[in-house]
Amino acid sequence: MDCCGGIDEHEDDCTDVKVKDSIDAGTVEAAKRLQSENYSAGFSTDIEMDMAPKGLSEDTIRFISAKKNEPEWLLEWRLAAYKRWLTMEEPTWAMVRYPKINYQDYYYYAAPKTGAKYESIDDVPKEILETYEKLGIPLREAEVLLGVEGAAETAATARETPRVAVDAVFDSVSVATTFRKELEKAGVIFMSISEAVHEYPDLVKKYLGTVVPQSDNFFATLNSAVFSDGTFVYVPKGVRCPMELSTYFRMNAENTGQFERTLIVCDEGAYVSYLEGCTAPMRDENQLHAAVVELVALEDAEIKYSTVQNWWPGDEDGKGGIYNFVTKRGDCRGDRSKISWTQVETGSAVTWKYPSCILRGDDSVGEFYSIAVTNGRQQADTGTKMIHLGKRTRSRIISKGISAGKSNNTYRGLVSVNKKADKARNFTQCDSLLIGDRCGAHTVPYVENRRADAQLEHEATTTKLSDDQLFYVRQRGIGEEEAVALLVNGFVREVLQELPMEFAVEAQSLLKVSLEGSVG
Amino acid sequence: MTTALRALISNPNTAELELIARYGMQPEDPRRERLFQAFAQTGLPTRRMEAWKWTDFKAALGALDRPGSQSACDPLASDEALCFRFSPDGFEYPKDLPEGIHLFVKPEPQALGSAEDVPLGALAAALAGSKTRPGTLMIEVTATDLPRLHFAFGGEGEASFARVTIVVRPGAELTVSESYLGGAGFLSSVFEYSLQGDAKMNRTVYQRGADKETMAATALVQLEGESEYTQTSLAFGAKLARLETRLVHKEADAKATMNAAYLVGKGLHADITTHVRHGAQSCVTRQMTKGAVLDGGTGVFQGKFHVPRTAGQYTDADMQHKALLLEEGAVVFAKPELEIYADDVECAHGNTCGALDGDQLFYMRQRGIPERTARALLTEAFIAEALETAGDLKDILRHEASNWLAQS
């Protein structure tokens, strides 16, 4: 088999998986519930689609750009990326293995023929309505989600806080963005990036590609060439975004790739919390998802970015599933800014994803909290990069990997401290758990330190870091294990409870997992 | 053949062309050809190769030149040890060996397992032989209570290569030491150690070098039966110095302890790389690496535990790396890696990087100890833990570390 990637011990026989006794039964049960046979979002929607011709060429890019009626500069930008992409090689260093991808075998644009915006609920194609119903979103919420004019206000008044504004991306286009009017009152811009290109070209031009440049890596460059839709958020100076923002990505059409591009800019002193969810139908072919997410936090700004990634993982034998090659990066551009990534990764056949923070501003803070669960034949190579450039920058990495079935789960992370990053601080903790004897768990932490006064700790000194906190919690009569769980999981728990969509249930079940019996 | 090799190495630099020429001057031998091809597949390792991303030989070694620096004194040399001395042009070895040590000096190269994984080891094995030096030095050990075997690499010259294979038979015990003392512009050695059932070995490696020298010492270790292997390394770095150990637990219940310390000054680079494969059940690995780096120095630690499915069950492995950046301008790179396919195992790894503890320094200074001395004392205490396993050579290594700290 012509393959990319490099795992040398893939499981090919059909032996049953044995789980050792010391693994918590609740954990095993929780992991089982995430198996592909229980995948509830795996249906497909039969709706007439407008597709680009199959394959990738300059013409495809011109087609996408024309569909979106884009300005000339953006087309040029895309074409430059495409030219660059042709000279690049697909990375093979990750611990994932998959058959060589034929990039000409995908559709790079697919949109419902009926268009993207609806005047009345009666105009909404029944199929799309049903899709959201099936995904477990209540009808009223679905009305909101579908952006039926007037529904936003109704729903807004009907619902108690906290409310969540949603941008729904269906294959290659954003079909609806809710609560826009209310957000506008606060000065927050929340819309699909295709709309933003027309309505706020200066802002888009100013920030697009400044965090993840066109030539960043193979998949990001591909995205720059063919990105179809995604979300644009701008929170102006001093504004605390009045509600959670969220994008729901749904891949539906066969043989398509989804290439969304999200750009979030938080101006000085602003705050936003953003959630992202993804699902896709069960299909036998592998589908491609290569997204780019760029975050910019200016002085004193804070961005909280949470992901629940539940793309179709393929069936038990590894047939089908999404190839999830994502570049996510946040730039703490201003002093005292903060970017925090939280991810719950349960889906995708192959995951290649490293949400990162560039800690440029002095005293800026980066955080990465991750739970990655792999089942069946899934492969995940995920982690983060914390690039300390500014003075007194701090970062924290908490990663939990759980492998079950015949899957492989890799944590790969970089902590880099630049010469000018006085007194930088990092704490990393990554635990892996193997459920059964046919899976793999791997840890690849990179540390590059160029500052003598930096303090970097990886795992070994867990107790040293949290001694005081641990002591405080324990003296209240809480057992050590529970105390650690409380301190480490506290944040994750909080975020998961806030998740607005159907996957909240699945994500919540992850909270039951215990890492007792972890291997390293 | 040499033309073909030149084509195999992409954009060969002067050093690579000179290595190809050296190979061309050797007598033809299919084993040598395979070894050199294993090297030529990658050429001198570059940062583009994951295992060499922080130690780029191709960039550091432009050409094979005499560095103009002298070899350091050898603190591990002793009348009680059996000394094997390698220099770029020569080789001396003891003619009278005690019973239990059998020496075979082979002019030709021998095949090297996993040559593709160790390009510089393959190169050493291909080019070790000359009129004055053996292609392969083979030693068989069959007894206990033997004098230490000491291998010293010194003398000035452009390049020095050596290949040594040591087999320790069941129940036998051996103490071995290697000193890399600089003087050659480029040195590459490859040692193979094979420990059979119940065998024991204690290996000490000492490395010193100057800022125009590059060196790589590669050790391939195989543990069988319930053998026990202990390794202690002390590296002071060179323009590039890499001490690499690739160890395989081949049979159940083997034990390995691998400690190392690096002390790196201005313009120097020390790389401690280990790769441990737990290829049999219930094997134990303990690994502690400590480092201290001054302004303009670079310390690298790369460790990997690979635990295969089923075979690696009940592994108990622990890897720790702790580094001190003594001054601004010091650089430390680390990658403590785990690759685990067996579920009932304990694999821990830890990594810390930072400066000396300000409180401890303050405490010592208020007792009237000058800051410089206080720093040296604290650093020495920090490093010492990793040198504990060197048996009788422990004090010598500590003394060397303490001298270095006193002078820096």
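At 0% relative accessibility, Thr262(A) counts as buried (buried means under 20% relative accessible area, exposed over 50% and partly exposed in between, using a 1.4 Å probe and protein chains only). This is a predicted model, where local features need pLDDT of at least 70 and side-chain atom pairs count only at pLDDT 80 or more, while totals for chains, interfaces and linings use all residues. Residues are numbered from 1 along each chain as its sequence is written, chains are lettered from A and ligands numbered from 1 in the order in which they are written, and side-chain values use heavy atoms, with hydrogens and water left out.

Back to the threonine. Thr262(A) sits in strand 11 of chain A, residues 261-266. Strands (E, at least two residues) and helices (H or I, at least four) are DSSP runs, numbered from the N terminus. Once you set aside neighbours within four places in sequence, Thr262(A) is in contact with Gly230(A), Thr231(A), Phe249(A), Tyr274(A), Val292(A), Val293(A), Glu294(A) and Tyr305(A); contact means heavy atoms within 4.5 Å. Phe227(A) is 35 residues away from Thr262(A) along the chain, with 9.8 Å between their C-alpha atoms.

Now for chain B. It has eight helices and 19 strands, and 61% of its 408 residues are buried. Of the contacts in chain B between residues at least 6 apart in sequence, 85% join residues at least 24 apart. The accessible surface of chain B is about 15,300 Å², with 46% of that belonging to carbon and sulfur atoms. Accessible areas come from the Shrake-Rupley method with a 1.4 Å probe, and for residues only the protein chains shown count as cover.

| Item between chain A and chain B | Value |
|---|---|
| Residues in contact | 39 of chain A, 37 of chain B |
| Buried area | about 3,100 Å² |
| Carbon and sulfur share of buried area | 48% |
| Salt bridges | one |

Buried area is the accessible area (1.4 Å probe) that two parts lose on being put together, summed over both. A salt bridge puts a side-chain nitrogen of Lys or Arg within 4 Å of a carboxyl oxygen of Asp or Glu. Glu328(B) makes one with Arg451(A), their closest N and O atoms being 3.2 Å apart. On the side of chain A that touches chain B, strand 25 (440-449) and strand 26 (455-458) of chain A each supply at least two residues. Strand 25 of chain A gives the most, with ten residues.
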